[in-house]
Every structure is written in C-alpha cells, then in structure tokens.
Amino acid sequence: MITTTKNTYPKPYELLPHRPPFLLVDTIEGFQLGESLIAIKEVGKDEVFFKGHFPGQPILPGVIIVEMMFQACGLYGRLERLNLASGNNKNTLEKPPSGRAIKINNVSFHKEVKPESKLLIKIKPKQQLMGFSVFDAKVSCEEALVAKGTLTVHIS
C-alpha cells in the first residue's frame, strides 16, 4: 500500500518498480497535477557506473541522466493516478501500473556531471493520448542546465 498525505510524497521505490543500483531518483520534491514534478538525485562518489566511466576522471553517463528523466516521468504518471483516484476519498491505494519508455526526442547535454553532485530533475507534461504521455524534461546542477529533452512514456 502507498500512503499519501496532502504535503508529503511517497518514496520513489513505493511507486517505481526499479531498485538500487538502478533506482536513480532519491526523492520527490514537488508535484503539481497537470503542471510538473521535481525530483532530486544525489550523485554519490561510489556509484557503480563511475568505475568504468571514466577511471580517474569520472563523468555521469548521459544514458543514466536520460533514465533519471524517464523515472521522473514515471513518478509523475503514478502520482497523477493517485491524485485523480484520491477523489474517491481514499488515502491508500495499491501500487499503480507499470510504465515503459517509448521515445526520446531532442535530448541534448550541456554540462558534465561529476561525483557528489545534486541533480534537480524537472518534468512538465505536454500531451496525453490513450495512455501515452509526452513530457518536457530538464536536469540541472547548481542552477546550470545539464540536459534537456522530450520523452514519451506509456503507463499501462
């Protein structure tokens, strides 16, 4: 069961099927239905992907940043369903259905991410149709843009 209250958010592991080391979002910092979701990732110095990318000069791989954006989209979709279902006066619901990454458009990388960085992942819904949702996503570190793009997910 997932328990929600007005001013708190579930832990990402309560909503997503991912588990460490591939659960790449630490906390949900903000959610506004129809507007946005903000998530945080504290990039540790001992993350498994730094062992090979690149020894002595570790840089967070771009595909990991894209996966963070997809996970934030999944969190939005699940919170959206919980929020819409809360109209039934329920504050506990079963875990929402799973989702799938469908498409990546116009992703660009603007700044390298080093170990011990705090990333802010912000997604905004653009369009929804038949279970498919399109989001604009941005990742920043210390207010500098790290990556941005448009992602499509399907929540089934």
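**View 1. Lys148 in strand β8.** K148 lies in strand β8 of this predicted model. With a relative accessibility of 35%, K148 counts as partly exposed, because that class covers values between the 20% limit for buried and the 50% limit for exposed residues.

**View 2. A patch of positive charge that includes K148.** On the surface, K148 gathers with K122, K124 and K138 in a patch of positive charge.

**View 3. A144 and its contacts.** Strand β8 spans residues 144-155, and A144 is found in this strand. The relative accessibility of A144 is 26%, so A144 counts as partly exposed. When neighbours within four places in sequence are left aside, A144 is in contact with K111 and V139.

**View 4. A144 and L119.** Along the sequence, 25 residues separate A144 from L119. In space, the C-alpha atoms of A144 and L119 are 9.9 Å apart.

**View 5. The protein chain as the setting of these views.** The protein chain has 2 helices and 8 strands, which follow the pattern β-α-β-β-α-β-β-β-β-β when read along the sequence. Of the 156 residues in the protein chain, 41% are buried. Among contacts with a separation of 6 or more, 64% involve residues 24 or more positions apart. The accessible surface of the protein chain comes to about 8900 Å², and carbon and sulfur atoms account for 51% of that surface.

Terms used. Residues numbered from 1 in each chain as written. Predicted model: local features only at pLDDT ≥ 70, side-chain atom pairs only at ≥ 80, totals over all residues. Heavy atoms only, no water. Helix = DSSP H or I, 4+ residues; strand = E, 2+ residues; numbered from the N terminus. Buried < 20%, exposed > 50% of the residue type's maximum accessible area, 1.4 Å probe, protein only. Contact = heavy atoms within 4.5 Å. Patch = residues over 30% accessible without salt bridge, like charges linked within 9 Å, V, L, I, M, F, W, Y side chains within 5 Å. Areas by Shrake-Rupley, 256 points an atom, 1.4 Å probe, with all protein chains shown as cover. Salt bridge = Lys/Arg side-chain N within 4 Å of Asp/Glu carboxyl O. Lys, Arg positive; Asp, Glu negative; His and termini not counted. Charge placed at Lys NZ, Arg CZ, Asp CG, Glu CD.
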